[in-house]
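Here are my notes on the model you sent over.

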Amino acid sequence: MTALPLASRARRAAFVSAMCAGLVAAATSLTGCSSGEDPDAGTNGVGKLSASKIQGKADKAAESASAVRLSGTVVSKSHSYSLDMRLKGEGGTGSVTSKGRTFQLLRIGEQLYLKADTEFWTGGGQADGKSGRADATAAAKLDGKYVKVPQGDPAYQQLSGFTDKDELLGGMLTLHGKLTVGDRGKTGALRSIKITGDEGAGGTLSVSLDGKPYPLRLDRGGHAGTLKLTDWNKDFPLEEPAKDEMVDYGKQLPTS
C-alpha cells in the first residue's frame with residue numbers, strides 16, 4: 001500500500017479533527033471522535049448540583065410558574081384520591097375521585113364551586129322512608145349542577161386546598177429524609193434527573209434537565225401515590241358557571 005505524503009496526512013488529520021469537533025458540538029456521538037460525551041451538554045445544568053440544590057431549584061421553578069396541571073393518585077390517611085387539576089394563582093379547576101365517587105371543583109378567587117351527581121349527594125345510600133325519599137329528591141335537583149360552597153362551611157377549606165397551586169404543590173413536592181441524586185432518564189419527552197429521600201422511602205422526584213428545572217413526576221414515599229406535573233405555564237380559562245348551572249345554598253352545603 002502506498003503511503004500518503006506527509007502533507008496529505010496532515011490535511012487528512014486536520015479534516016478528521018474538525019469533523020469530530022463539529023459532531024461533538026452538535027451533540028452527536030461518534031465512536032473514535034471523543035473519549036466521552038458530557039451528560040450535561042445542552043441541559044439546564046442542574047444535573048451537576050447536589051440533591052438539595054436540585055430540590056431548591058425545582059421548588060423555585062414551580063413557585064414562579066403561572067400554571068400547571070397535576071394528575072395522578074394520592075393516598076392519605078388510608079384514603080385514596082385520584083386528581084386531575086389545572087392550577088394557577090387565581091384558582092383552579094378539575095376533578096377529584098374518592099371512594100368511587102367523582103366530583104368537579106372550580107375556584108375563581110375566593111368563590112368555590114362543586115359539581116357532582118345524585119349519588120355523591122346521597123352518599124350512595126338507599127332512599128328509605130319519607131326523609132330518605134325527600135333527600136333523594138333534593139339530591140336529584142343538584143345532579144350535574146355547580147353548588148356554591150360557602151366559605152363558612154367545614155368543607156370549604158378542605159375542598160379549596162385541591163384548587164390552590166401553592167398549597168397543593170408545597171405540601172406534596174417535599175421529599176423526606178436524606179436527599180441523594182438518582183438516575184438520569186426521560187420523563188415524557190423531557191430529559192430528567194431523579195432525586196430521592198431516604199433511598200426512595202421518602203419519595204422520588206423527577207426534575208427536568210430541559211429548559212427550566214420543573215418537577216415532572218413525584219413518586220410519594222410509602223407507596224402513597226404518583227403524581228405527574230405537566231403543562232407548566234400553559235394558561236387556561238376560569239369562568240363562573242352560568243346562572244342556570246349553579247345553585248347557591250347560602251351558609252352551608254346540603255347534607256344527606
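Predicted model: local features only at pLDDT ≥ 70, side-chain atom pairs only at ≥ 80, totals over all residues.

**Notes on the model**

1. Aspartate 40 makes a salt bridge to arginine 184, and the closest N and O atoms sit 2.9 Å apart. Aspartate 40 is in the loop between helix H1 (6-25) and H2, while arginine 184 belongs to strand E7 (residues 179-187), so this pair ties together parts that are 144 residues apart in sequence. Arginine 184 itself is partly exposed, with a relative accessible area of 37%.

2. How many salt bridges does the structure hold? The count is seven. Another one joins aspartate 210 and arginine 191, with 2.6 Å between the closest N and O atoms. Here aspartate 210 comes from the loop between E9 and E10 and arginine 191 from strand E8 (residues 190-197), so the pair ties together parts 19 residues apart in sequence. Arginine 191 counts as partly exposed, at 31% relative accessibility.

3. Helix H6 (residues 165-172) deserves a look. Its buried residues are Lys165, Leu168, Leu169 and Met172. Looking down the axis of H6, these fall within an arc of 90°, so they line one face of the helix. They pack against helix H2 (51-64), helix H5 (154-161) and several strands, including E1 (67-76) and E2 (79-88). On the face turned away from the buried side you'll find the exposed residues Asp166 and Gly171.

4. Now check the start of H6. A side-chain oxygen of aspartate 164 comes to within 3.2 Å of the backbone nitrogen of aspartate 166. The side chain of aspartate 166 also meets that of lysine 165 in a salt bridge (3.7 Å, N to O). Are these two partners buried or exposed? Lysine 165 counts as buried at 4% relative accessibility, whereas aspartate 166 is exposed at 52%.

5. On to the rings: the whole structure has four aromatic pairs. One of them is phenylalanine 120 with tryptophan 121, edge-to-face at 5.2 Å centre to centre and 90° between the planes. Another is tyrosine 214 with tryptophan 232; their centres are 4.7 Å apart and their planes at 5°, so this pair is stacked. Tyrosine 214 and tryptophan 232 are 18 residues apart, and the pair links distant parts of the chain. Both tyrosine 214 and tryptophan 232 are buried.

6. Phe103, Phe120 and Trp121 make up one aromatic cluster. Lysine 88 lies over the face of phenylalanine 236, 4.8 Å from the ring centre.

Methods:
Residues numbered from 1 in each chain as written. Heavy atoms only, no water. Buried < 20%, exposed > 50% of the residue type's maximum accessible area, 1.4 Å probe, protein only. Helix = DSSP H or I, 4+ residues; strand = E, 2+ residues; numbered from the N terminus. Arc of directions from axis to C-beta. Contact = heavy atoms within 4.5 Å. Polar contact = N/O pair within 3.5 Å; in protein donor to acceptor, adjacent residues only side chain to side chain. Phe/Tyr/Trp six-rings, centres within 6.5 Å; stacked < 30°, edge-to-face > 60°. Lys NZ or Arg CZ within 6 Å of the ring centre and 35° of its normal. Salt bridge = Lys/Arg side-chain N within 4 Å of Asp/Glu carboxyl O.
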